[in-house]
Amino acid sequence: MFPAVLYRFLFLGLITGYQYLWAAVPRRTQLRLETTVSIPTSPFPIFSGDKVTCRITITHTSKSQAKAVDALLQLQIPFYLKVLNHRYGQGVPWSSVDKSEISMIKFKFNQILVSKSVTLSLVVAVDPYFAADRNDDYHVAVLVNLWYYGADDPSVRPPSLYNARRDSGRLPVKFVSTTACEKRIELEDSHYSASSVSNSGEAKRASFFKPGVWMTADSLATDKNQFLHLNLSRLMKVTKIATRGQATPSEAFVRTYHVYYSKNSVEWSASRENNDIKLFQGNTDGKNVAFNFLPSLTHARYLLIVPKSWKRRHALDVQVFGCNVHPKDDLADYCPIFDFENGVAGWEKTGTAFDNQPTIGDNYKVRKKKSANIQGNAWISTAEDRMRSHILAGNTQGDTPIGTLTSPSFLIVTSKFHFLVGGTVNNTDARAELMIDGKSVRKASGDGDEMTEVTWDVKAFRGKEAVLRLVDDTAAGHLNFDAFRVDCFLDADAQEISLPSRAVMLNSRTHSFYVCDSSHLRRKDVAICRMTSGSTDRWFDIPDILGLLGVDKSTHRLYALSADRYVIRSINPAGGNWQYIKRSEWDEVKWKPSMVRMTLVPWVTLQDGVPEEVLMTLYDTNGDRWKATSHGIAFKPAARPWIEVAAWSCQVSDMPDDPCFSEPCENHANCTAISRDQYTCSCVPGYNGVNCETGK
């Protein structure tokens, strides 16, 4: 009897509870789900690799009888869409799980009041290596599932999604598959210039994202030597160019054009096909966009677009596509020795670790969506197995295989090597080695899968033959390697910089005075350049340089020419810790208003009875003055008399029969050769005699 009564009581309680929960969800609760995909206004389609913004808006409609609604939003994202970031209104991330083919992300929104909306913005990028190099268009979608429940009283919340209603939708994305290097290269207004412009056709109008087009001056409207100059701001790999003309008020467009490219805006190369300058086919009307691929590998910082035929006049919009030669600016200007873009032909293998190399694309899927920081498209990773771009990301061979990969031999002609290395942390059995005469002279190992830049100083090995050897000698680790490069510095380029034998310079910002005298080059123990700062009783040698070039007062960077004739810079006013830079950087900074250049001190032959000659005077901002004279350097502190602080060394000749070769003049006197066996000494004040040996 008792159990039957209890059973009826419990059954009634369950029915009552069920009705209570059901009543908490008004039957006329209504949410509207809206989804959009957008990119910045552009005349171009979405290319693989582009970033797109997906927006999902949930609206609690005014027809609802609930005062507030809770919602749980779940997104199913294909593996080839990489989520970069997301922003959500009053929502909070609920959970995130990764599966082999999709990612699921959930967001929870609390108390969406009637007639109110919440929005989730999701920025995703299409995997640039998914179906790369194909010509098909791809239609993909993010699946959106929405569960929601509400209550007449916002303070009452059901304990779960029991009795929740459901809505669903799709975020469709259509994109054009490309290679990994066809991203739009963004340019600022100052990056456009031209041989001439019309009143309404400034060079910056050549941007697809500005109204109008670039047009040449009216008087040059039919001149075939006009050009549009683009500064890409860094060294880039350029793969494709898009052009467009003008549709209104009168149609004008460029039918054909040539492309020239340069790394320094001085030396230019034409884009060629089969050894002939390629004539690119441009537009056939003023409205549509024409695309052209560059026929060969093009690394450039500057481009010239030269119209060769047109309708009515030059009228042009231009968009350049490509990618960084390397994501780090400080690697962007190096010339490659081994970048693996064309495979490893000519390399010698042992073992099996390198059988499936190089690998293609940044296979972030196997690294929990972390980038390996690769350069270009091909690289070495002994844990991965993706030798073709059409193979879907995710293949690996693991850490078990071991072996070596040795490069063809090359001659060391520079002072530094740069490369990217990564792999298993603290495992020296997976390493890169520089080998000379069968011996390892330099080694480097990784510190995680994300590769970082390493520099080897190889100045001591210049002129020697070497090989690069990659080693994976452990079944408990792997090696990542890419972009083995040398500085693009050329000795001939550096030697074009002429240095005066005697020069001075004053940095009035730091009150530092510099003097260089290379007339004593044969005395290796004497520094060519010296500096002093405010106090003349102490001079500092600036060793191991051929001469100073200048100092930037705004950055305090000191520029010089190294002993091996490269342009170098230092942030130390007295030099030291020099860094090699490209000649092009010096060519840019030397014309800055804040740059102080070394000033030539002319040679003057002194004769008996001729007084000291002042050659130049430099004025400091604190009232001090410096002067270079025929005898040397003099200094005058504010409100004090002149004092001589340095004297010129003798000008010497390498000829053994030069009478000044033995430095016969004493006490800082200047020696001048009169004939093969005669000389004269020009004494400094306070001394006399044939060799200025006697003090007065």
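**Reading the disulfides and strand pairing**

Me: Is cysteine 681 buried or exposed in this predicted model?

Reply: Cysteine 681 has a relative accessible area of 6%. Because buried means under 20%, cysteine 681 counts as buried.

Me: Which residue does a disulfide join to cysteine 681?

Reply: The partner is cysteine 665, with an S to S distance of 1.8 Å. The torsion about the S-S bond is -85°, and the link is left-handed. Cysteine 665 is buried, at 9% relative accessibility.

Me: How many disulfides does the structure hold?

Reply: There are two. Cysteine 516 and cysteine 529 form a disulfide with their sulfur atoms 2.0 Å apart. This pair connects strand E33 with strand E34, so parts 13 residues apart in sequence are tied together. Cysteine 516 is buried at 4% relative accessibility, and cysteine 529 is buried at 0%.

Me: What should I look for in a sheet, and in what order do the strands of the open sheet stand?

Reply: In a regular strand, side chains alternate between the two faces of the sheet. Here five strands form an open sheet with antiparallel pairing, in the order E39-E38-E37-E36-E40. E39 and E40 are at the edges with a single partner strand each, so one side of each has no neighbour in the sheet. Two bridges join E38 to E39, and isoleucine 568 stands opposite tyrosine 580 in E39.

Conventions
Residues are numbered from 1 along each chain as its sequence is written. This is a predicted model: local features need pLDDT of at least 70, side-chain atom pairs count only at pLDDT 80 or more; totals for chains, interfaces and linings use all residues. Side-chain values use heavy atoms; hydrogens and water are left out. Two strands pair if DSSP finds at least two bridges between them. Helices (H or I, at least four residues) and strands (E, at least two) are DSSP runs, numbered from the N terminus. A disulfide is a pair of cysteine sulfur atoms within 2.5 Å. Buried means under 20% relative accessible area, exposed over 50%, partly exposed in between (1.4 Å probe, protein chains only).
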